[in-house]
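This briefing is intended for a reader meeting the structure for the first time. Please look over the sequence and the 3D view before turning to the points below.

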Amino acid sequence: MTFQNNNTNKISQELDLGKKSTAIKVSNLVKRFEDLIAVNDVSFEIFKGEIVGILGPNGAGKTTTIRLLTGIFKLEDKASIEIFNEDITKNLNKYKINFGIVPEVSNAFSDFTVWQNLKFSGGIYGFPKEKIEKRSKKLLEQFGLIDKMHSKTKALSKGLKQRLNFCLALLHEPPILILDEPTSGLDPISVKIMRNRILQLKKEGKTILITTHDMQEAQTICDRILIMNRGKIIADESPDNIRERFKSTSTILFKIDGVLSNDQKNTLMDTFNIIKEENDYYVFSSDDAIKDISMLYNFSKENNLNISDFKVKETSLEEVFIHLIKKDSISIGG
Amino acid sequence: MITDGLNRIWILSKKNISLYIKRGPVLIFGLMFPFFMTLSWVIGRDISINHVFIGIVSMTSFFTATAIAPVVLPIETREKSLERILVSPISLNEILLGIIIASTLYSLIITSIITIIFILMFSIVFLSISIIFLMFLGICLMSILGSLLGLLAAANPTDRTSDVMLIVNLIKFPLLFISGIFIPLQNLPSNLLFLSFFSPITFLVDLLRFCVDGSNFFTYQVDIIMLLIWIVVLFIVGYMLHKRTMPKRLAETGKKKKMMMMKKKMEVMSKK
């Protein structure tokens, strides 16, 4: 117990890594919509029992990646998908049973009741009637939908519809769950319930791929984060690692007295690569705080501006995310 | 494996029947249209009861069979339930067969009820049991054929039912008018008679004429073979079209918004 040093820690970590078996391995995913490349040569690997979050701004290619992975969109020739080390690129239908998919917007049959939707899904997966009923009731109880089982799906609120989506995705007990922005638009209580449920599913051994806009969500539940922008993965690390990598990066917040002219504002935005404006503060990430602070001081003097408040703080994951997206967009030439 | 596939097709058919038979377009184009068309054709005219019977049975069979298929795919595309079906282990064949069976059963049940009521009400006499069998065979084939025709029109990758219904009606009415329902084939001018060979309803009407009063133009064997040929052709063409348009259907409806979003974003960035 006491005999532990850095080397043994490293070795045990490597051994742990060696034990990890791959649940999903995708290579060279590409999707074009006419002249627009929505997913551009995306490759990643997800290990069994991991929760991996795909983060990115709207239109980054998150949902398209999921649609390629789940067989909604046809794969291009050089793309390949392996599930539990089995190449299933050519036989999409056979592996679909491994996936439980929770979409962003409910895609259950709106004129069916909750119970009819579950019965339909169970039947499609070839389960006997008794098993469907038993499993459906268990899931409805777990997700607090048992008293709504005879309600029409279209009569449910967004939160309840999302719970039904979880029930439908889990009905056939898939080892892999794919959640497409599962908490988007839900009230805070429903979000909390969903997140706890996702963590519970991880404990049950499920491998989970989740797309989200929500940094807090990614930080709370994900083991690893893939950040996507313009159809490409620009970062693939654990939330802690990403923050560690940007430890030297600070976030500078400042407030300027008075109203800026458009020209002044544009120059300010371009000079300091402002990532957002929040409560009258301009916010930007800085790799060299001292240099940037002196630049800001000079800028205010040259433009006769009065900086009324000024703060330097550690960069949050959200700011890292915005920083990475901006940096990627600039490097592409946007 | 085959049993699993058949089970899935049956589950899909049951879903289609229970979800779509009460939809507005199905009721309007499947039931109201043939009813009012028959009324406007019959009222004030001296038409024999046998002739009316042939017209009603043909129109009901054709209209009801073409009513469900155009509704299913656009609605499921719009409500995204098609995506839900496609991420489960279901093939395109199974989805299409589920629609064909639902549509055929709907047409068969409605047409059979109308036929039996009409036979009982107006005491229509058939020469033998085999003639009755032949008549129901014709109705069965027309139900399948109509379903396939509706499915063919539904290959248009849209999420609006009206788009598909427009195509179906554009095909349906000309086929109906040259089919020999309103004017017997014997009385058609030669150019229209030639065109009538390209309407599948012609062969059902002719088969019914053989069964009811023997005023048929072709032999009943020709009628059945032609109906079968139409079924095979429509199935192959429909399947190929759906296979081609399904990715477009999923891509276009699902990505329209995101593409617009991305293009806008790129425009803003390039301006910067």
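The model is predicted, and every value below is computed from it. Chain A contains 12 helices and 14 strands, whereas chain B has 11 helices and zero strands. Between the two chains, 29 residues of chain B are in contact with 28 residues of chain A.

**Chain A as a whole**

- In chain A, 37% of the 334 residues are buried.
- The domain assignment of chain A gives domain 1, covering residues 21–244, and domain 2, covering residues 250–314.
- The centres of domain 1 and domain 2 of chain A, taken over C-alpha atoms, are separated by 40 Å.
- Of the contacts in chain A between residues at least 6 apart in sequence, 70% join residues at least 24 apart.

**Helix H4 of chain A**

- Helix H4 of chain A spans residues 114–124, and eight of its 11 residues are buried, so the helix is largely enclosed by the rest of the structure.
- The buried residues of H4(A) are Val114(A), Asn117(A), Leu118(A), Lys119(A), Phe120(A), Ser121(A), Gly122(A) and Ile124(A).
- These buried residues pack against helix H5 (129–142) and helix H6 (158–170) of chain A, together with H1 of chain B.
- Just after H4(A), Gly126(A) adopts a positive phi of about 75°.

**The packing of H4(A) with H6(A)**

- The axes of H4(A) and H6(A) lie 9 Å apart, and the two helices pack at an angle of about 25°.
- Angles under 35 degrees count as roughly parallel, and H4(A) and H6(A) are therefore roughly parallel to each other.
- The crossing in which H4(A) passes H6(A) is right-handed.
- On the H4(A) side, the contact is made by Val114(A), Asn117(A), Leu118(A) and Ser121(A), and on the H6(A) side by Leu164(A), Cys167(A) and Leu168(A).
- By class, the residues of this contact between H4(A) and H6(A) are five nonpolar, two polar and no charged.
- An α-helix has 3.6 residues a turn, so residues three or four places apart point the same way.

**Tyr281 of chain A**

- Tyr281(A) is found in strand S13 of chain A, which covers residues 281–286.
- A residue with 20 or more other C-beta atoms within 10 Å is buried, and one with 12 or fewer is exposed; Tyr281(A) has 15 and is therefore partly exposed.
- Tyr281(A) touches Leu253(A), Phe254(A) and Lys255(A), when residues up to four places away in sequence are not counted.
- Tyr281(A) and Lys311(A) are 30 residues apart in sequence, and their C-alpha atoms are 9.6 Å apart in space.

**Chain B as a whole**

- From the N terminus on, the elements of chain B run α-α-α-α-α-α-α-α-α-α-α.
- The C-alpha atoms of chain B fill a box of roughly 80 × 45 × 30 Å, taken along the principal axes.
- Buried residues account for 48% of the 272 residues in chain B.
- In chain B, residues 24 or more positions apart account for 80% of the contacts with a separation of 6 or more.

**The packing of H7(B) with H8(B)**

- Helix H7 (residues 129–153) and helix H8 (residues 161–177) of chain B pack at an angle of about 130°, and their axes are 8 Å apart.
- H7(B) and H8(B) are therefore oblique to each other.
- H7(B) makes a right-handed crossing as it passes H8(B).
- In this packing, Leu149(B), Gly150(B) and Ala153(B) of H7(B) meet Val164(B), Ile167(B), Val168(B) and Ile171(B) of H8(B).
- The contact of H7(B) with H8(B) comprises six nonpolar, one polar and no charged residues.

**The contact between the chains**

- The contact between the chains involves 29 residues of chain B and 28 residues of chain A.
- On the side of chain B that touches chain A, helix H1 (2–20), helix H5 (81–86) and helix H11 (220–271) of chain B each supply at least two residues.
- H11(B) gives the most to this side of chain B, with 11 residues.
- The residues of the side of chain B that touches chain A divide into 13 nonpolar, five polar and 11 charged.

Conventions. Residues are numbered from 1 along each chain as its sequence is written. Chains are lettered from A and ligands numbered from 1 in the order in which they are written. This is a predicted model: local features need pLDDT of at least 70, side-chain atom pairs count only at pLDDT 80 or more; totals for chains, interfaces and linings use all residues. Axes are lines fitted to C-alpha atoms, for helices over the stretch in contact, and angles run from 0 to 180 degrees between N-to-C directions. Helices (H or I, at least four residues) and strands (E, at least two) are DSSP runs, numbered from the N terminus. Angles under 35 degrees count as roughly parallel, over 145 as roughly antiparallel, 65 to 115 as roughly perpendicular and the rest as oblique. A crossing is left-handed if the near helix is turned anticlockwise from the far one by less than a right angle, and right-handed if clockwise. Two residues are in contact if their C-beta atoms, placed from the backbone, lie within 7 Å. Ala, Val, Leu, Ile, Met, Phe, Trp, Tyr, Cys and Pro count as nonpolar, Asp, Glu, Lys and Arg as charged, and the others, Gly among them, as polar. Domain bounds come from an automatic or database domain assignment.
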